[in-house]
Structure formats: structure tokens, C-alpha cells
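Subject: Handover of a structure and its findings

Dear colleague,

Please find below the structure that I am handing over to you.

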Amino acid sequence: MAGEWGQEVPGSRDKPVSFDTSVAHVARVYDYWLGGKDNFAADRAAGDKAIQAFPNISLSARANRAYQARAVRFLAGEAGIRQFLDIGTGIPTVNHTHQVAQSAAPECRVVYVDNDPVVLSHARALLASHPAGATDYLDADLRDPQKILDGAVRLLDFSRPVAVMLMAILQHIDDEHDPRAIVATLMGAVPPGSYLALSHPASDIDAEAMARMAGVLNQMMAEKVAFRDRAAVSGFFGGLELVEPGLVQASKWRPASEMEASSPAALWAGVARKK
Ligand SMILES: C[S@@+](CC[C@H](N)C(=O)[O-])C[C@H]1O[C@@H](n2cnc3c(N)ncnc32)[C@H](O)[C@@H]1O
């Protein structure tokens, strides 16, 4: 499903996709927290319960989007990256990866991945690339990283650096599914000079409220969550070199203003280079 600006993308717009609206799903709950319209009553009910448990969740979700935009700007700018693999991309909102990357370098190529049918139904918005670059969408699960790598070669050249993005997704991979091995498989497939950009909801920032929210989400949402502490999140960067300022609260990663820096983001965030 590769697409360029103004080009018809067969199957990406009108392909019928079915989804269960009776149970909350993370892509739609997150859309609700961000003020989007692609959510249903069950998503809003879970989202509201989560807000009661952790009143800063909407600000935290926004801070995560702002961090993501800053990280992509750094990658396409200072780091010179032209290829992105954005896994767990979410329902299209503002500042999607290709928009930010292509505003720095129009030739950037982005492969989006998600396993949610609602995200799939919106794939066309993610495929509206600048004509100098290109985007693609894969309906795939992070628990099968090899399938993602096999699909990404349609657009990405794995002999050149790639930025692997895992923004607010690893909390859905419990330890039983060995998320460190999944990250290692992805980073093993990209050459030196590639990057890992990651954010992860924290169990040790605003710990009590985050634990309450995890309890609510694990009762009401189809995808379960495992929030992690800073030490556990830093384990995902094994063998990689974190760029400044290291693994920090998402709002503290190269904030553009005092206001951004002071956002109560309950996520750890970092960008690291493969040597
Ligand atoms: C909290 S949202 C984050 C969206 C976006 N990355 C961001 O940070 O703004 C998590 C996304 O990951 C997707 N997701 C969750 N588990 C997944 C899995 N096992 N494989 C692929 N996508 C998954 C969800 O469908 C959702 O769109």
C-alpha cells in the first residue's frame, strides 16, 4: 500500500474494515484523550475512568505527541535520517511522522505499522506523502517483528540508516512476549548509523495515579498495559548510544519552550544511535 501525493492508492481508502465498538481499544482511547473524533462510547467510558485515576493523562498524551515531533525533527534534521519505521503509529492526528520529517527533508520515506483496524481504515491519511518522498502502511503486530521487517523492505532500503520509532507502544507488550528481544530483532536488522526513538508510560512518575490508571485500563481496554520504570525502559536501549539528554521525562527531551518542558508527562523518552 505505498502512496504518493495525489495518487490513487488501491485498497487503502475504501477497503471495508470491521471493528468491535463494544470494547475500548487503545488507539481510540488515545484519540479521545487527544481530543479526536475517532472513538466510540466504550472508548470514552474507559478514557474518562482513566482521567479520574490520572487527571493529567490528556496533557501527558499531548506531551508525548510533542516529544515525538521534536524527535522526528532531530532525526530528519541534525541526524540526517531519511527512512522511518513508525510502529504503533495510531489514528492520524496532527504532526504525523511523514509530515514532520518531510518538512525537514521532503525525500523522507516512512513506513507506518499498526494492528488496529480503525488505524487501518484511516491509512489513506498516512499515505498522503510529499511527491519527493513516499509512505507505506503495514497492518501488522509488533509481536511479529520479522513480518514487519519483511513488509518494510517494500519501501525502505535496509542497507541505509533507518529510524525505528516505538512511541507509546511497548507498554502493550508484556514481559512474557519478551519486548527486549523484539526491539533487538528490529535494531539488529538496521545498519550502524540507525536510530531507536522511543517513549514509554512510566510506573515511577506520578506512581500512584499511574498504577490506578493501569488498573482501570486493564479492566476496560482490549489491549492490556504494563507501565515500566526508568531502569526497565533503559533496558530497551541495550548496545545503543543515547543522544543528549539521554532517557528523560518526555517533556524534558529537548523542549522547545518552558511551557513544553513543564508539561506533566508521565512517560520516559529517549533517542539512541546504533554504533
Ligand atoms: C497509545 S497509542 C500511541 C500512538 C502513537 N505512537 C503516539 O505515540 O502518539 C498505541 C498504538 O499502538 C498500537 N498497538 C498496540 N499494540 C500493538 C501491537 N502489538 N502491534 C501493533 N500496534 C500495536 C495501537 O493500536 C495504538 O495505535
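Tyrosine 195 counts as buried because its relative accessibility is 6%, where the limit for a buried residue is under 20%. Please note that the model is a predicted one. The ring of tyrosine 195 forms a pair with that of phenylalanine 74: the centres are 6.0 Å apart and the planes stand at 85°, so the pair is edge-to-face. This pair joins distant parts of the chain, since phenylalanine 74 belongs to helix α3 and tyrosine 195 to strand β5, 121 residues apart. Phenylalanine 74, at 8% relative accessibility, also counts as buried.

The structure holds four aromatic pairs. Another of them is formed by tyrosine 67 and tryptophan 253, whose ring centres lie 5.7 Å apart with the planes at 80°, so this pair is edge-to-face as well. Tyrosine 67 is part of helix α3 (residues 57-76), whereas tryptophan 253 lies in the loop between β7 (248-249) and α11 (258-261), so the pair ties together parts that are 186 residues apart in sequence. Both tyrosine 67 and tryptophan 253 are buried. Ring pairs join Tyr67, Phe74, Tyr195 and Trp253 into a cluster.

Charged groups also meet aromatic rings. Arginine 254 places its charged end over the ring of phenylalanine 74, at 4.6 Å from the ring centre. The loop between β7 and α11 contains arginine 254, and this residue is partly exposed, with a relative accessible area of 29%. In a second case, the charged end of arginine 230 sits over the ring of tryptophan 268, 5.8 Å from its centre.

The backbone deserves a separate remark. Most residues other than glycine have a negative phi, and most peptide bonds are trans. Arginine 254, although not a glycine, has a positive phi of about 45°. Aspartate 206 likewise has a positive phi, near 50°, and is a residue other than glycine. Aspartate 206 is located in the loop between β5 and α9 and is partly exposed, its relative accessible area being 42%. The peptide bond that runs from glutamate 244 to proline 245 is cis, with omega near 5°. Proline 245 is placed in the loop between β6 and β7.

I turn next to helix α8. Which residues of helix α8 (residues 179-188) are buried? They are Pro179, Ile182, Val183, Leu186 and Met187. Viewed down the axis of α8, these buried residues fall within an arc of 125°, so they line one face of the helix. Arg180 and Gly188, on the other side of α8, are exposed. The elements that cover the buried residues of α8 include the strands β1 (83-87), β4 (163-167), β5 (195-201), β6 (240-242) and β8 (267-274), together with helix α7 (145-152).

The ligand is surrounded by 21 residues, of which the closest are Tyr30, Asn64, Arg65, Gly88 and Asp114. In tyrosine 30, a side-chain N or O atom is 2.6 Å from an oxygen atom of the ligand. Glutamine 68 has a polar side-chain atom 3.4 Å from an oxygen atom of the ligand.

Arginine 228 lies in the loop between α9 (207-220) and α10 (230-234). With a relative accessible area of 7%, arginine 228 is buried, and a polar atom of its side chain is 3.0 Å from the backbone oxygen of leucine 170. Serine 103, by contrast, counts as exposed at 61% relative accessibility. Serine 103 belongs to helix α4 (residues 97-104), and a polar atom of its side chain lies 2.7 Å from the backbone oxygen of valine 100. The C-alpha atoms of serine 103 and histidine 130 are separated by 9.0 Å, the two residues being 27 residues apart along the chain.

With kind regards

Technical notes
Residues are numbered from 1 along each chain as its sequence is written. This is a predicted model: local features need pLDDT of at least 70, side-chain atom pairs count only at pLDDT 80 or more; totals for chains, interfaces and linings use all residues. Side-chain values use heavy atoms; hydrogens and water are left out. Buried means under 20% relative accessible area, exposed over 50%, partly exposed in between (1.4 Å probe, protein chains only). Helices (H or I, at least four residues) and strands (E, at least two) are DSSP runs, numbered from the N terminus. The arc is that of the directions from the helix axis to the C-beta atoms. Contact means heavy atoms within 4.5 Å. Rings of Phe, Tyr and Trp (its six-membered ring) pair if their centres lie within 6.5 Å; planes under 30 degrees apart count as stacked, over 60 as edge-to-face and the rest as tilted. A charge sits over a ring if NZ of Lys or CZ of Arg is within 6 Å of the ring centre and within 35 degrees of the ring normal. A polar contact is a pair of N or O atoms within 3.5 Å; within protein, one must be able to donate a hydrogen and the other to accept it, and residues adjacent in sequence count only if both atoms are side-chain atoms. A residue is near a molecule or strand if one of its heavy atoms lies within 4 Å of it.
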